[in-house]
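Dear colleague,

I am handing over the structure below, and my notes on it follow. Please read them with the sequence and the model side by side.

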Amino acid sequence: MELNEFVHQLDELEKQAVGELSAIQDAAALEEVRIKYLGAKSGQFKNVQKSMGALAATDRPAGGKRFNEVKNAIQAAFDEAQNRASQQATKSTGPMADPTLPGARIRLGHVHPITQTIEHLKEIMGRLGFSVTEGPEVEDPWHNFVALNIPDDHPARDPLDNFYLKTAEKNSGVTRLLRSQTSTVQIRVMESRQPPVRIISLGRVYRPDEADATHFPMFHQMEGLWVDRGVTMAQLKSVLRLFATSYLGGDVNIRFRPSFFPFTEPSVEVDFWWAGRWIEFGGAGMVDPNVLNAVGYDPEVYTGFAFGLGVERLCMRRHQVTDIRDLYRNDVRFLRQF
Ligand code: FA5
């Protein structure tokens with residue numbers, strides 16, 4: 001091999017290696033370049049060194065001198081790059097993390113107390129043989145009033161007691177409102193199937209009630225309906241008592257008070273004893289024959305009972321919540337307890 005060619009190879013190697021090393025900032029890239037040029041087995045420097053043996057004996061001193069110069073230049077560039085990479089490493093990671101410190105605790109979210117209550121109520125009523133149905137929240141007067149034996153001039157239809165949907169009425173010409181009770185689902189179920197019917201329906205209802213400790217303009221009700229041959233008031237009381245003791249415990253005090261609803265006859269109000277007084281949880285009664293007629297059931301053949309309970313008040317009684325508004329403030333400090 002000619003001396004010229006050998007020196008040219010060394011020049012090229014120096015230019016390339018020093019150029020690459022001077023751009024290096026981190027340890028991983030440095031190691032790659034080290035292997036490429038200075039690797040013991042097939043690094044480019046090693047290859048050039050091997051070809052020194054092919055020089056004429058008279059050219060070797062000059063070739064060897066240049067070889068050492070290039071070797072020192074590359075070594076110097078390498079050392080510099082190594083310095084830079086180690087400075088960079090301290091800068092980006094900062095002080096070493098302490099692996100013995102406990103990790104940051106991640107809080108898990110969970111289901112809202114009312115949703116938990118709804119699931120629990122479904123489970124209890126399921127064990128008593130009631131299946132679950134649903135109905136729409138936007139209703140028409142037939143299902144919210146007429147079929148429930150609430151005539152046109154009844155105060156329950158007053159705009160002050162209901163959320164009528166003006167835009168829907170203007171656009172379609174028919175009256176629509178947010179349902180004020182889940183009793184609407186009784187009608188929808190009986191219209192769509194023949195007895196025996198044994199269902200519950202849980203969902204939101206809306207009333208322009210002023211919010212206080214026991215009232216909210218949006219709340220949930222659990223409606224129950226059992227229609228068959230020979231269903232009696234005694235069964236209604238048994239079912240509600242069984243339900244109450246399952247959900248609130250064996251020592252719960254429950255009271256049935258005579259009352260009036262247009263869609264049941266006779267009607268009762270259901271109270272639970274709570275913190276030294278009776279609190280109303282719902283209404284119930286034997287399905288009025290007019291309602292059975294409205295859905296095409298023969299009241300001479302079938303009888304039934306229905307009830308509607310406030311879900312929030314049940315949840316509150318079980319979990320000792322004294323203000324219904326706490327359930328809807330979305331304050332995680334409160335919600336976390338459930
Ligand atoms: C009714 O809504 C009847 N549909 C119940 C019924 C069903 C009777 C089937 C007979 C047969 P009432 O308006 O009383 O009844 O409401 C029932 C329960 O809903 C109340 O006892 C109470 O627990 C709850 N409730 C009523 N208004 C509110 C409110 N603004 N906020 C929270 N809960 C309420």
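Arg188 counts as partly exposed, at 28% relative accessibility, where buried means under 20% relative accessible area, exposed means over 50%, and partly exposed is what lies in between (1.4 Å probe, protein chains only). Please bear in mind that this is a predicted model, in which local features need pLDDT of at least 70 and side-chain atom pairs count only at pLDDT 80 or more, whereas totals for chains, interfaces and linings use all residues. Residues are numbered from 1 along each chain as its sequence is written, and side-chain values use heavy atoms, with hydrogens and water left out.

Arg188 is the partner of Glu139 in a salt bridge whose closest N and O atoms are 2.7 Å apart; a salt bridge here is a side-chain nitrogen of Lys or Arg within 4 Å of a carboxyl oxygen of Asp or Glu. The pair links distant parts of the chain, since Glu139 belongs to strand E2 (residues 138–139) and Arg188 to helix H8 (residues 183–192), 49 residues apart. Helices (H or I, at least four residues) and strands (E, at least two) are DSSP runs, numbered from the N terminus.

The structure holds 19 salt bridges. Among them is that of Arg66 with Glu14, in which the closest N and O atoms are 2.8 Å apart; this pair also joins distant parts of the chain, with Arg66 in helix H4 (residues 60–93) and Glu14 in helix H1 (residues 3–22), 52 residues apart. Arg66 is buried, its relative accessible area being 18%, while Glu14 is partly exposed at 22%. Asp326 and Arg329 also meet through their side chains in a salt bridge (2.9 Å, N to O), and Asp326 counts as partly exposed, at 21% relative accessibility. Through salt bridges that share partners, Asp11, Glu14, Lys65, Arg66 and Glu69 are joined into one network.

Arg313, in helix H11 (residues 311–319), deserves a separate look. Arg313 is buried yet has no salt bridge, and the nearest side chain of opposite charge, that of Glu280, is 4.7 Å away. Leaving aside residues up to four places away in sequence, Arg313 touches Thr214, His215, Glu280 and Phe281, a contact being heavy atoms within 4.5 Å.

Some backbone details follow. Pro195 and Pro196 are joined by a cis peptide bond with omega about 0 degrees, and Pro196 is placed in the loop between H8 and strand E5 (197–206). Another cis peptide bond joins Glu265 and Pro266, with omega about -5 degrees, and Pro266 is found in strand E8 (residues 264–274). Gln320, in the loop between H11 and helix H12 (332–335), has a phi near 60 degrees, which is a positive value in a residue other than glycine; Gln320 counts as exposed, at 52% relative accessibility.

As for the overall form, the protein chain has twelve helices and ten strands. Its radius of gyration is 42 Å, well over the 20 Å that the globule rule gives for 338 residues, so the chain is more spread out than a compact globule; the radius is taken over C-alpha atoms, and the rule is 2.2 Å times the number of residues to the power 0.38. Along the principal axes, the C-alpha atoms fill a box of roughly 130 × 50 × 40 Å. Of the 338 residues, 40% count as buried.

With kind regards

Key. Lys, Arg positive; Asp, Glu negative; His and termini not counted.
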